[in-house]
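Have the sequence and the 3D view open as you read.

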Amino acid sequence: MREDDGRSADWALLPAVPVGLRRVLDLVVAGEATNRAEIARRSGLARSTVGQQVDQLLGRDILQELESGESVRGRPPRLLALSPRAGTIAVADVDNLETRIAIADLGGRILARDTVLVRIDAGPETVLELVCDRLFALLERFGCDPDRVRQVVMGLPAPVDPWRGSPLRPNGMPGWDGFPVAERLRTRFRAPAQVDNDANLMALGEAVHARAETPVLCLKIATGIGAGLATAEGRIYRGAAGDVGHIRSLGGGTALCTCGNVGCVRAIASHRAVLRNLGIPESTEEDPLHGVHELAERVANNDPPAVRALRQAATEIGELAAMLVYMFNPRTLVLGGPLSELRDDLLSGVRAVVYQRALPLATRKLTITTTQLGAASALHGAVALATGDVFSERGIARLLVD
């Protein structure tokens, strides 16, 4: 988050965060220390300094101190933890046919989830209004103060400028190009807001929450095909759009892509492309996710055209994945999106091509799997991105003045 959140003072006017306070909070948030004595021992700080910083954090309702109920002799030790009054995180994962939303505490624990059935081609004004209204309803339902939302994160199925908080020339998303999504979220919630590509958030969710070995390369196979990378340090890799579905298929082809070119992997092997080739409508009035359900049923029933189409898509995706494995040398390759839910046929096809195409040096320690978190991976990644900002030096300074 690069801009003022509309609620806090300018970064230059925020108070300096004492080193001792930052160390105390880091240890409690990481679960490495649960009481004052442990903090003093692990941090090397004097007990008096620890006491002063803990008291300040207790007074700001950032930490709480509770009796453990366990004692060998004397009074029970008092345990430190993040206070439920410290605040809440609101996150959303926008997709083409629906949006998943969640609220979480500052420890990263998801408190509640919901789904908003709104098509992305309804435009940013409509989508953002419905999503924000539903997030506020979730906060109210679970007794969370909307004035203590500390961070809002939204994932979009498009290339994103994370510093401006805007999508960049997205395909199939009329009205979204350059739209100030982060600014709108900041205004509605009066809190810092971040916007990122959904595949980036999926990769971060698998790395942080599912504890996949890093670097984690995530391929989301949905309407398009996107890629996200979580580095060995557990951060999102920046510097590329990640819209890898517009790489030309090695097998060629004449299918017209939404970008105007022909033969893109997206036009041949995305979930939407498989549905189109099989003549399955993506959605109906009765079932917005008709295509997902119909394809899954056909594959489960071993329908020959459906199984053949899925295996052909897996081969194309495998060729693309092998190229990305060479470039980024990940330890874990995760397949996500609705096509990945057809686990066996897709996964075996991609593995076969990657292990055939890539040299053993690149694949000897590589794990290829489908997402361990399912459709919630981007939500968990959004929560991880948010907590990282909340407990950064700037984020802690905001907590101290709010």
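The lining of the second largest cavity has, by class, five nonpolar, one polar and three charged residues; here Ala, Val, Leu, Ile, Met, Phe, Trp, Tyr, Cys and Pro count as nonpolar, Asp, Glu, Lys and Arg as charged, and the others, Gly among them, as polar. This is a predicted model, where local features need pLDDT of at least 70 and side-chain atom pairs pLDDT 80 or more, while totals for chains, interfaces and linings use all residues. Residues are numbered from 1 along each chain as its sequence is written, and side-chain values use heavy atoms, without hydrogens and water.

A cavity is a set of points, on a 1 Å grid over the protein atoms alone, where a 1.4 Å probe fits but cannot get out, and its lining residues have an atom within 4 Å of a point. Searching the whole structure turns up two cavities of 30 Å³ or more, volume being the space filled by probe spheres set on the points, which are joined across faces, edges and corners. The second largest cavity holds about 40 Å³. Its lining includes Arg-248, Glu-316 and Glu-319. Helix 10 (residues 304-328) gives the most to this lining, with four residues; helices (H or I, at least four residues) and strands (E, at least two) are DSSP runs numbered from the N terminus.

Now for the rings. There are two aromatic pairs, meaning rings of Phe, Tyr and Trp (its six-membered ring) with centres within 6.5 Å; planes under 30 degrees apart are stacked, over 60 edge-to-face and the rest tilted. Phe-136 and Phe-189 are stacked, at 4.5 Å centre to centre and 15 degrees between the planes. Phe-136 sits in helix 4 (residues 124-141) and Phe-189 in helix 5 (residues 181-189), 53 residues apart. Phe-189 counts as buried because its relative accessibility is 2%, with buried meaning under 20% relative accessible area, exposed over 50% and partly exposed in between (1.4 Å probe, protein chains only). Tyr-237 and Phe-328 are edge-to-face because their planes stand at 65 degrees, with centres 5.7 Å apart. At 39%, Tyr-237 is partly exposed, and so is Phe-328 at 27%.

Finally, look at the open sheet of four strands, ordered 11-10-12-13 with mixed pairing; two strands pair if DSSP finds at least two bridges between them. Strand 11 and strand 13 (367-370) are its edges, each pairing on one side only. Strand 10 (residues 216-221) and strand 12 (residues 332-336) run parallel, joined by five bridges. Leu-219 has Leu-335 in strand 12 as its bridge partner.

Terms used:
1 Å grid on protein atoms, 1.4 Å probe; cavity = no way out; pocket = protein on both sides within 12 Å on 5 of 7 lines; lining within 4 Å.
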